[in-house]
Amino acid sequence: MNKIQVIFSLIAILVGTCIISISKIVEEFSVIMGRAAYQAAAAGSYSPEEYYVNLSLNYWIGSLLILCGVIVLCIISYNKYKKIL
């Protein structure tokens with residue numbers, strides 16, 4: 001049973017890290033694409049705030065997955081340590 005918990009907690013950490021990484025890439029990419037769209041249209045003034053994408057929910061979900069994975073790993077290792085003593 002412990003192996004399954006370890007595997008799921010490591011998967012949760014990996015998925016959380018991927019969510020945060022992909023969200024950061026999308027956030028940066030949207031600003032770059034906004035600048036390219038502005039240059040192609042050549043109208044008005046460019047402002048990075050106009051192309052800001054709110055991905056705070058993704059960051060929260062990724063952080064919670066990482067935190068839950070770490071907590072489960074700590075509980076498993078504590079239980080193993082307790083059995084040894």
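Predicted model: local features only at pLDDT ≥ 70, side-chain atom pairs only at ≥ 80, totals over all residues.
Which residues are linked in a network of salt bridges?

Residues are numbered from 1 along each chain as its sequence is written, and side-chain values use heavy atoms, with hydrogens and water left out.

Let me begin with the overall form. The protein has two helices and zero strands; helices (H or I, at least four residues) and strands (E, at least two) are DSSP runs, numbered from the N terminus. Helix 1 covers residues 2-41, and helix 2 covers residues 56-84. The C-alpha trace spans about 70 × 15 × 15 Å along the principal axes. The radius of gyration is 20 Å, whereas a compact globule of 85 residues would have one near 12 Å. That radius is taken over C-alpha atoms, and the globule rule is 2.2 Å times the number of residues to the power 0.38.

Of the contacts with a separation of 6 or more, 78% are between residues 24 or more positions apart; contact means heavy atoms within 4.5 Å. Buried residues make up 15% of the 85 residues. Here buried means under 20% relative accessible area, exposed means over 50%, and partly exposed lies in between (1.4 Å probe, protein chains only).

Now to the opening question. Lys-24, Glu-27 and Glu-28 form the network, where a salt bridge is a side-chain nitrogen of Lys or Arg within 4 Å of a carboxyl oxygen of Asp or Glu. The whole structure holds two salt bridges. One joins Glu-27 and Lys-24 at 3.9 Å, N to O, and the other joins Lys-24 and Glu-28, also with 3.9 Å from N to O. Glu-27 and Lys-24 are separated by about one helical turn because they are three residues apart in helix 1. Lys-24 and Glu-28 are four residues apart in helix 1, again about one turn. Glu-27 is buried at 15% relative accessible area, while Lys-24 is partly exposed at 41% and Glu-28 is partly exposed at 44%.

Ser-9, in helix 1, is buried, with a relative accessible area of 4%. Leaving aside residues up to four places away in sequence, Ser-9 touches Gly-69, Val-72 and Leu-73. Cys-68, in helix 2, is 59 residues from Ser-9 in sequence, yet their C-alpha atoms are 7.4 Å apart.

What of the cysteines? The search finds zero disulfides, a disulfide being a pair of cysteine sulfur atoms within 2.5 Å. For Cys-18, the nearest cysteine sulfur is that of Cys-68, 17 Å away. For Cys-74, the nearest is again that of Cys-68, at 12 Å. Cys-18 is partly exposed at 39%, Cys-74 is partly exposed at 46%, and Cys-68 is partly exposed at 46%.

Finally, the surface. The protein exposes about 6,600 Å², with carbon and sulfur atoms supplying 72% of that area; accessible areas come from the Shrake-Rupley method with a 1.4 Å probe, and for residues only the protein chains shown count as cover. Leu-67, in helix 2, is partly exposed at 47%.
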